[in-house]
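Dear colleague,

Please find below the structure that I am handing over to you.

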Amino acid sequence: MKFGLKSRSRRVVQDSAVAVTDEDTGKMKNRYGDGKNMDENITENYCCWLNLPSELMREVLVKIEQSESKWPERKHVVACAGVCKSWRETIREVVKTLENSRKITFPISVKQPGPRDSLIQCVIKRNSSTQTFYLYLNLSQALDDDGKFLLAARKYRRATCTDYIISLNADDMSKGSGTYIGKLRSNFLGTKFVVYDALPPHLGVKMAKSHSTRMVGSKQIFPGVPASNYPVAHISYESNVMGARGPRRMQCIMDAIPASAVKPGGVAPAQMDFHVSSVDSFPHIPSFQSESNDLDKALSGPLDGQRDRSLVLRNKAPRWHEQLQCWCLNFHGRVIVASVKNFQLVASPESGTVGSEQGKVILQFGKVGKDVFTMDYLYPISAFQAFAISLSSFDTKIACE
């Protein structure tokens with residue numbers, strides 16, 4: 001960085017958490033060894049930044065945000081949000097939403113719609129032995145790029161359904177975790193799915209009824225937000241009753257996104273809150289537990305009135321290639337292995353789209369190697385919604401193949 005400020009802002013975060021033990025007394029000493037109480041040094045460091053003129057502070061943070069535009073350098077922007085309250089509030093103003101900035105910065109970015117004019121390129125890696133899936137943000141054009149970790153999901157088979165638990169933490173994917181953000185649930189045949197969000201996608205959304213909701217600590221919940229099931233999408237695969245070979249046919253009803261969102265000037269809801277306490281921290285997000293008695297009702301899909309107002313996505317029909325003797329779609333080099341799992345989703349005509357809007361690919365998913373898949377998405381869906389939809393393609397579909 002050219003401004004000479006990065007190391008200083010980062011040092012404040014590091015200094016506030018570092019202490020050493022005096023070998024002779026066994027007491028905690030501050031890292032400078034000057035005999036002062038550790039808390040006094042921390043207070044002095046914070047005061048020096050708290051007393052920074054607001055105009056200068058904002059100029060500093062704007063330059064840091066502009067210079068650290070890509071990961072892993074962008075972690076310094078997150079570090080600035082952990083310095084103090086005034087820095088955090090300024091960072092919230094400086095860092096734009098994913099739609100406007102095209103930059104994934106805080107964990108809440110995975111719940112925000114992507115940019116309108118360019119695809120966010122990601123990679124999904126599957127661990128078949130543990131039935132775990134990992135979503136990474138591509139940091140280069142290489143298809144095998146490890147990238148920046150975003151989300152993880154684990155598959156759990158039930159007697160009558162299958163759940164994919166989605167978390168911000170690859171090492172903790174339990175429902176009671178503070179990093180649990182939602183799940184994907186399928187019916188027994190793997191033909192119908194519901195995507196549940198742990199937080200309401202917008203004001204006024206109705207939570208799914210449940211006979212049992214697990215209580216969670218108040219620190220795990222955003223203020224004023226109840227922890228429950230919020231269905232945000234219904235996915236269905238057309239049954240193949242004739243047994244004919246061919247590509248899958250799928251439909252996604254995005255309950256939380258209005259059909260007008262894909263039109264010029266249309267708006268999709270976006271979650272904006274985030275909590276940052278350190279460079280590697282995640283926001284505290286509530287968990288929920290749903291009874292299987294509500295499964296059939298949820299999988300039956302939204303009410304007719306909701307269907308009319310919601311965005312409907314359908315898979316783009318592939319064309320038959322006579323020379324290759326297979327069904328083909330143009331993934332622009334992002335998919336290189338033929339698979340029945342590969343798909344592209346576009347807005348359905350019933351959503352009121354016309355012209356170029358109707359053929360615009362909103363989500364594409366495909367295989368590039370053993371247990372490696374690409375996932376690219378754009379406005380109006382989020383990384384969380386795109387990941388959940390892509391997970392539905394992994395599930396076994398008894399009646400579709």
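Helices (H or I, at least four residues) and strands (E, at least two) are DSSP runs, numbered from the N terminus. This is a predicted model, in which local features need pLDDT of at least 70, side-chain atom pairs count only at pLDDT 80 or more, and totals for chains, interfaces and linings use all residues. Residues are numbered from 1 along each chain as its sequence is written, and side-chain values use heavy atoms, with hydrogens and water left out.

I begin with positive phi angles. Asp-371, in the loop between β15 (361–369) and β16, has a positive phi of about 65 degrees although it is not a glycine. Asp-371 counts as buried (under 20% relative accessible area, where exposed is over 50% and partly exposed is in between, with a 1.4 Å probe and protein chains only), because its relative accessibility is 16%.

Arg-102 is likewise not a glycine, yet its phi is positive, at about 65 degrees. The loop that holds Arg-102 runs between α6 (98–101) and β3 (120–127). Since its relative accessibility is 48%, Arg-102 counts as partly exposed.

I turn now to cis peptide bonds. One joins Trp-71 to Pro-72, with omega near 10 degrees; Pro-72 is situated in the loop between α3 (54–67) and α4 (75–81). Another cis bond leads from Tyr-379 to Pro-380, and its omega is near 15 degrees. Pro-380 belongs to the loop between β16 (372–377) and α10 (383–394).

Yours sincerely,
A colleague
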